[in-house]
Amino acid sequence: MNVREIHEFLNEMWENIFTLNEELKLELPKEGFRVEDVEEAFGAYIFLDGEWRLMKYPHPAFEVKPQIEVGATPESYYFVVAVPKDRISENFVGLFVEIFPRSFIYGAQDFLSDVYNWRRDGRVSPTEILEKIEGSDENLFQFEANFGSVEALKQGILRLIDLGKRFEIFDI
C-alpha cells in the first residue's frame, strides 16, 4: 500500500466533488433544483468482487434537491436519483440504462437486493427490469449511475435532469 498515492487519490476525489458542487450551485437553480453543501457521507456500500460491501469510512456527497445525491467513492463518481414506483415506465428504464450503461437500480428500503446491476446482469431488457420493479413491495427506487471522471458525472447529471423532466420523475 502506497500511502502517498492513497492520500493524493482521496484529495483529488474530494476536491473534484467540491468544485462540481460549486459549479452546480451556479447552474442548477435555473432548472428548478437546489444544490446543498458537500458533506461527509457514512454508511454507503460499494460493489466489489461481486457483492455489496459496507464502506466504514466517509466519502464526499451532496444533495441536489429534490431527489438526487451526487458523490464519489473509491470505485467511481456517481449520482443516485430517487424515483417513485408509480412514475417509472419501461421507456424511462430503457433510456436510463442506455444513456447510463454503468448503472444500478435498487429499492430504497432493501437496497442490497438490486433489480438491475450492470456488473452482474449485462444486457437485460427494460421489460425484464420493469417486471422486477412492479413485482417488488418497494414504493421508491434508486437509479444510480457511475462515471470514470467528474466531467462525465457533470454531463450525466445534466442528461439525467433532461430525462427526468421528460418523464416527470421530479417533484419540482
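This is a predicted model: local features need pLDDT of at least 70, side-chain atom pairs count only at pLDDT 80 or more; totals for chains, interfaces and linings use all residues.

Me: Let's start with helix H1 (residues 3–27) and H5. How do their axes cross?

Reply: Begin with the distance and the angle between the axes. Here the axes of H1 and H5 come within 11 Å, with a crossing of roughly 30°. Angles under 35 degrees count as roughly parallel, so H1 is roughly parallel to H5. The crossing of this pair, H1 and H5, is right-handed.

Me: Which residues of H1 and H5 meet?

Reply: From H1 come Asn-16, Ile-17, Leu-20, Glu-23, Leu-24 and Glu-27, and from H5 come Val-150, Leu-153, Lys-154 and Ile-157. Sorted by class, the contact of H1 with H5 holds six nonpolar, one polar and three charged residues.

Me: Now H2 and H4. Which way does H2 pass H4, left-handed or right-handed?

Reply: Take the axes before the handedness. Those of H2 and H4 come within 9 Å and cross at roughly 120°, and the two helices are therefore oblique to each other. The crossing is right-handed. On the H2 side the contact is made by Glu-90, Val-93, Gly-94 and Val-97, and on the H4 side by Pro-126, Thr-127, Ile-129, Leu-130 and Ile-133. The residues of this contact between H2 and H4 divide into six nonpolar, two polar and one charged.

Me: Which residues of helix H2 are buried?

Reply: In H2, which spans residues 90–99, they are Phe-92, Val-93, Gly-94, Phe-96 and Val-97. A next step is to look at what lies over them. The cover includes strands E7 (77–84), E8 (103–107), E9 (114–117) and E10 (140–147), along with helices H4 (126–134) and H5 (150–166).

Me: What does the side chain of Gln-67 reach?

Reply: There are two backbone oxygens to find: that of Ala-82 at 2.8 Å and that of Ile-169, also at 2.8 Å. Leaving aside residues up to four places away in sequence, Gln-67 touches Val-80, Val-81, Ala-82, Pro-84, Ile-169, Phe-170 and Asp-171.

Me: And Leu-26, buried or exposed?

Reply: Leu-26, found in helix H1, has a relative accessible area of 72% and is therefore exposed. The C-alpha atoms of Leu-26 and Gly-135 are separated by 40 Å, with the two residues 109 apart along the chain.

How values were computed:
Residues are numbered from 1 along each chain as its sequence is written. Side-chain values use heavy atoms; hydrogens and water are left out. Buried means under 20% relative accessible area, exposed over 50%, partly exposed in between (1.4 Å probe, protein chains only). Helices (H or I, at least four residues) and strands (E, at least two) are DSSP runs, numbered from the N terminus. Contact means heavy atoms within 4.5 Å. A polar contact is a pair of N or O atoms within 3.5 Å; within protein, one must be able to donate a hydrogen and the other to accept it, and residues adjacent in sequence count only if both atoms are side-chain atoms. Axes are lines fitted to C-alpha atoms, for helices over the stretch in contact, and angles run from 0 to 180 degrees between N-to-C directions. Angles under 35 degrees count as roughly parallel, over 145 as roughly antiparallel, 65 to 115 as roughly perpendicular and the rest as oblique. A crossing is left-handed if the near helix is turned anticlockwise from the far one by less than a right angle, and right-handed if clockwise. Ala, Val, Leu, Ile, Met, Phe, Trp, Tyr, Cys and Pro count as nonpolar, Asp, Glu, Lys and Arg as charged, and the others, Gly among them, as polar.
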